[in-house]
Amino acid sequence: MASWVQELHFPHLKIPLNIRQLVRVIPSGPIAAAHGDSLYLSNLDDIIGARVFTPTIYFYRSQDSSRPVMETLRQALSNVLVPYYPFSGRLRETHNGKLEVFFGPDQGALMVEARSEMALSELGDLAVPNPAWAPLIYKFPNEEPYKILDMPLVIAQVTVFSCGGFSLGLRLCHCICDGFGAMQFLNAWAATAKAGRLVANPHPCWDREFFRPRHPPIIKHPHIEYMRIDEGSSLTMTLWQAKPVQKCYRIGREFQAHLKTLAQPDDSFPCTSFDAMAAHIWRSWVRAIDVKPLNYKLRLTFSVNARQKLKNPPLKDGFYGNVVCVACAMSSVNELVNGQLKYTTRLVREARLGVSEEYLRSTVDFVEVERPRRLEFGGKLTITQWTRFSIYESADFGWGRPVYAGPIDLTPTPQVCVFLPEGEADPNGNMVVCICLPESATNKFIEFLCLKNPGIES
């Protein structure tokens, strides 16, 4: 069974770079906004957890020299910024800290042209996200963490390597789009670059007023996912003080199927592969870190795409804003460490199924009333499921699908775990799990992950 789970290793590198130029990219034609205009953002867009840039990187083996990479991508981005014009604006705060998009002079997206004397082959296994790739995603000198106000909302770095391959390091502001919206934007940009003319199908729809709060607000759920919880366990302190390391594991489809069988609760409602994997990763992580005290309540949070749940009325085609709710499962350390996997899986499934149209509306109203101001880390693991995204299919700019597409470094947010598709090379349904652990807990974690401990399957 251990062969169904394989630890993936990445080399420690230093990537020398020469940044050639920074280029402001403005829409290539008239847009549906004038200087001085602003756009409403929903409470799902400007909630505290969305006030970040999502960094991703895309590697391409070689380029057709007749199509200069930087100019091709710049022109395509300029064309795509006409229908996706909000990406050319900036964010500012209005009353009560609420965000909006505004349009002023000297705005637009930012593209960075860079060159490295290294070859792609020197970067190691491109199937494994590596924190050493950080220089390939542009950050402003002395940029503050979580800075989003007055920042370009699209920041793209093109790095050409000596072998002719290149990378696209991308930062998109999460306030403008969720993962599915980002795929829609990326797909339009890539299709436009490939065709040499604007291709935007479906046509993008802004319509953030769809999620305006009710008057008066109606909060029907407790929303423990946003509750302030004082850290009463050893979890967060252990993790942050230990300078956690990023670990990645390839999980075979056979293992996922086996785990799903083990995890199925004793009822007639089926669990999904995600329910089983999330429950198993959560338990293994808590066990490996040896969290104390046993009676402390821990949380598992994960995003649920609510698009298909919206019926009255349904969401318009082409909507690319945030339509995700944060689901939250809660359990004591003791129940996680000593209880059955079936019990934990049921908690995850209930949290996932609890996200309904009413839950989403209640979330919007909760944010309107409470307006949470800080990210809560206390006693929490957050799982992000990138396996749902068509990230490889969406990123063919005309040089073929990327060799790798995804995040690079989880260590700045060590309580986040990511489920990734393995990539284009492997159609077998494998996934890559990336998680942060104290170095002292890594051996224990893989034992728990591989079900090597007696009694762990119960």
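Helix 1 passes helix 2 in a right-handed crossing in this predicted model. The axes of helix 1 (residues 69-80) and helix 2 (residues 179-195) come within 8 Å and cross at roughly 125 degrees. Helix 1 is therefore oblique to helix 2. On the side of helix 1, the contact is formed by Thr72, Leu73, Ala76, Leu77, Asn79 and Val80, and helix 2 contributes Phe185, Ala188, Trp189, Thr192 and Ala193. By class, this contact of helix 1 with helix 2 comprises eight nonpolar, three polar and no charged residues.

The loop between strand 7 (109-115) and strand 8 (154-160) holds Tyr138. With a relative accessible area of 10%, Tyr138 is buried, because the cut-off for burial is under 20%. Beyond its neighbours within four places in sequence, Tyr138 is in contact with Ile19, Leu22, Leu110, Val112, Ile155, Gln157 and Arg171. Tyr138 and Val158 are 20 residues apart in sequence, and their C-alpha atoms are 9.3 Å apart in space.

Tyr146 and Asp150 also lie in the loop between strand 7 and strand 8. Neither is a glycine, yet phi is positive in Tyr146 and in Asp150.

| Residue | Phi | Relative accessibility | Class |
|---|---|---|---|
| Tyr146 | near 65 degrees | 47% | partly exposed |
| Asp150 | about 55 degrees | 53% | exposed |

One joins His215 and Pro216, with omega about -5 degrees; Pro216 is placed in the loop between helix 2 and helix 3 (235-241). Another runs from Lys292 to Pro293, with omega near -5 degrees, and Pro293 lies in the loop between helix 5 (273-289) and strand 11 (297-305).

Terms used. Residues are numbered from 1 along each chain as its sequence is written. This is a predicted model: local features need pLDDT of at least 70, side-chain atom pairs count only at pLDDT 80 or more; totals for chains, interfaces and linings use all residues. Side-chain values use heavy atoms; hydrogens and water are left out. Axes are lines fitted to C-alpha atoms, for helices over the stretch in contact, and angles run from 0 to 180 degrees between N-to-C directions. Helices (H or I, at least four residues) and strands (E, at least two) are DSSP runs, numbered from the N terminus. Angles under 35 degrees count as roughly parallel, over 145 as roughly antiparallel, 65 to 115 as roughly perpendicular and the rest as oblique. A crossing is left-handed if the near helix is turned anticlockwise from the far one by less than a right angle, and right-handed if clockwise. Contact means heavy atoms within 4.5 Å. Ala, Val, Leu, Ile, Met, Phe, Trp, Tyr, Cys and Pro count as nonpolar, Asp, Glu, Lys and Arg as charged, and the others, Gly among them, as polar. Buried means under 20% relative accessible area, exposed over 50%, partly exposed in between (1.4 Å probe, protein chains only).
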